[in-house]
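This report covers a pocket and a helix pair in one protein model. Please look over the sequence and structure before reading on.

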Amino acid sequence: TADPPAAVAAALLGYLRAQYPLPEGAATPGEIGAALTAAGAPPELADDFAEAFRACDRARFAPEGGAAESLAADAAALVARTEARA
């Protein structure tokens, strides 16, 4: 895609919306983390997802040369850890 970090963030949000009843208005990393906690996710998991969204934002808005290569792998690992907890 033209914006890989945005695609990773969208995929993560789609996954979370399928797993938890997140409000539509939860869009920022802090709001997503708080919504996950309110929905019953363990606090450390909510923190991990909030940080993943922060990493996507950093990669999206970094000056030329910002590293976005590992975002997809990191997101996949986070989802795998989440699934292993279930």
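This is a predicted model: local features need pLDDT of at least 70, side-chain atom pairs count only at pLDDT 80 or more; totals for chains, interfaces and linings use all residues.

## Lining of the largest pocket

The lining is made up of 14 residues. Nearest the centre of the pocket lie E51, A52, A55, D74 and A75. The space in this pocket comes to about 160 Å³. Two or more lining residues are given by each of α1 (4-19), α3 (43-61) and α4 (71-85). The largest share comes from α3, with 6 residues.

## Packing of α3 and α4

Two packed helices are described by the angle between their axes and by the distance between those axes. For α3 and α4 the angle is about 170°, and the axes are 11 Å apart. Angles over 145 degrees count as roughly antiparallel, and α3 and α4 are therefore roughly antiparallel to each other. The crossing of α3 past α4 is left-handed.

## Residues in the contact

On the α3 side, the contact is formed by E44, L45, D48, F49, A52, A55, C56 and A59. On the α4 side, the residues are L71, L78, R81, T82 and R85. By class, the contact of α3 with α4 has 8 nonpolar, 1 polar and 4 charged residues.

Notes. Residues are numbered from 1 along each chain as its sequence is written. Side-chain values use heavy atoms; hydrogens and water are left out. On a 1 Å grid over the protein atoms alone, a cavity is a set of points where a 1.4 Å probe fits but cannot get out, and a pocket is an open set with protein on both sides within 12 Å along at least five of seven lines; lining residues have an atom within 4 Å of a point. Grid points are joined across faces, edges and corners, and a volume is the space filled by probe spheres set on the points. Helices (H or I, at least four residues) and strands (E, at least two) are DSSP runs, numbered from the N terminus. Axes are lines fitted to C-alpha atoms, for helices over the stretch in contact, and angles run from 0 to 180 degrees between N-to-C directions. Angles under 35 degrees count as roughly parallel, over 145 as roughly antiparallel, 65 to 115 as roughly perpendicular and the rest as oblique. A crossing is left-handed if the near helix is turned anticlockwise from the far one by less than a right angle, and right-handed if clockwise. Contact means heavy atoms within 4.5 Å. Ala, Val, Leu, Ile, Met, Phe, Trp, Tyr, Cys and Pro count as nonpolar, Asp, Glu, Lys and Arg as charged, and the others, Gly among them, as polar.
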